[in-house]
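Subject: Structure for you to look at

Hello,

Here is the structure I promised to pass on. Please open it next to this email and follow along.

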Amino acid sequence: MLGIDLGTSQLKALVAGPGGAVLGRGRAACQVSAPADGHAESDPGDWWHAAREAVRAALAEARADAGTGAGPAIVAVGITGQMHGVVLAEADATPLRPAIVWLDRRAAAEAARYARLPRDAVERLGNAPSPGMAGPVLAWLTASEPAAVRAATWQLQPKDWLRMRLTGRAATDPTDASGTL
């Protein structure tokens with residue numbers, strides 16, 4: 001099994017055997033840029049490069065430990081990682097702009113607007129609004145970069161963008177979906 005964890009500053013990969021024994025590990029750095037005060041962005045292309053580097057390292061370690069050139073057959077892949085943020089992407093997952101990641105604060109006013117929603121609506125959200133969550137970020141993007149929003153086929157969480165790049169299919173899980181607001 002191959003596990004991939006897309007963190008804010010690094011991507012980690014792990015190859016595990018059927019019993020859970022760790023067979024190989026890899027990691028690669030990811031950059032976060034701050035083009036202005038309160039901004040935090042990442043280039044999804046850097047995530048893809050980091051994934052390739054970390055997975056190669058984990059597979060190489062697993063092959064070396066196995067003492068064979070072939071190494072283990074990967075039968076399942078799991079992806080986890082940073083869940084808040086927005087990647088605006090074309091139908092084929094090509095990013096339209098740098099990803100806005102969870103620690104970005106430019107959507108603070110949009111997040112504050114959630115407090116004006118009816119109480120039952122806020123309770124159904126199940127999460128306290130934060131400027132780095134997808135809902136506030138998308139509201140900010142719609143007001144500030146409407147052309148990018150209109151051009152996007154997908155709005156994806158960071159790890160969901162990586163999943164789409166790996167599989168060609170957009171998807172998320174209930175935990176991430178509940179955190180989008």
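Lysine 159 counts as buried, at 3% relative accessibility. Buried means under 20% relative accessible area, exposed means over 50%, and partly exposed lies in between (1.4 Å probe, protein chains only). Areas come from the Shrake-Rupley method with a 1.4 Å probe, and for residues only the protein chains shown count as cover.

A word on the source: this is a predicted model, where local features need pLDDT of at least 70, side-chain atom pairs count only at pLDDT 80 or more, and totals for chains, interfaces and linings use all residues. Residues are numbered from 1 along each chain as its sequence is written, and side-chain values use heavy atoms, with hydrogens and water left out.

Lysine 159 forms a salt bridge with aspartate 173, and the closest N and O atoms are 2.9 Å apart. The pair links distant parts of the chain, 14 residues apart: lysine 159 sits in helix 6, and aspartate 173 in the loop between helix 6 and helix 7 (174-178). Aspartate 173 counts as partly exposed, because its relative accessibility is 23%. A salt bridge here is a side-chain nitrogen of Lys or Arg within 4 Å of a carboxyl oxygen of Asp or Glu. Helices (H or I, at least four residues) and strands (E, at least two) are DSSP runs, numbered from the N terminus.

How many salt bridges does a search of the whole structure find? It finds 11. In one of them, glutamate 41 pairs with arginine 106, with the closest N and O atoms 2.9 Å apart. This pair also links distant parts of the chain, 65 residues apart: glutamate 41 is in strand 4 (residues 41-42), and arginine 106 is in the loop between strand 7 (99-101) and helix 2 (108-113). Both glutamate 41 and arginine 106 are buried.

Arginine 124 and aspartate 120 meet in a salt bridge too (3.2 Å, N to O). They are 4 residues apart in helix 3 (residues 119-125), so about one helical turn separates them. Arginine 124 is exposed, because its relative accessible area is 64%. Aspartate 120 is partly exposed, at 44%.

**Glutamine 157**

Is glutamine 157 buried or exposed? It is buried, because its relative accessible area is 4%. Glutamine 157 lies in the loop between strand 8 (154-156) and helix 6 (158-167). Leaving out residues up to four places away in sequence, glutamine 157 touches Met83, His84, Gly85, Ala134, Asp176 and Thr180. Contact means heavy atoms within 4.5 Å.

**The largest pocket**

Which residues line the largest pocket? They are Gly3, Ile4, Asp5, Lys12, Ala13, Leu14, Arg25, Gly26, Arg27 and Thr80. Strand 1 (2-6), strand 2 (10-16) and strand 3 (22-29) each supply at least two residues of this lining. A pocket is an open set of points on a 1 Å grid over the protein atoms alone, where a 1.4 Å probe fits, with protein on both sides within 12 Å along at least five of seven lines; lining residues have an atom within 4 Å of a point.

**The whole chain**

The chain has 7 helices and 8 strands. Its C-alpha trace spans about 60 × 35 × 30 Å along the principal axes. Buried residues make up 37% of the 181 residues. The chain exposes about 9200 Å², and carbon and sulfur atoms supply 56% of that.

Best wishes
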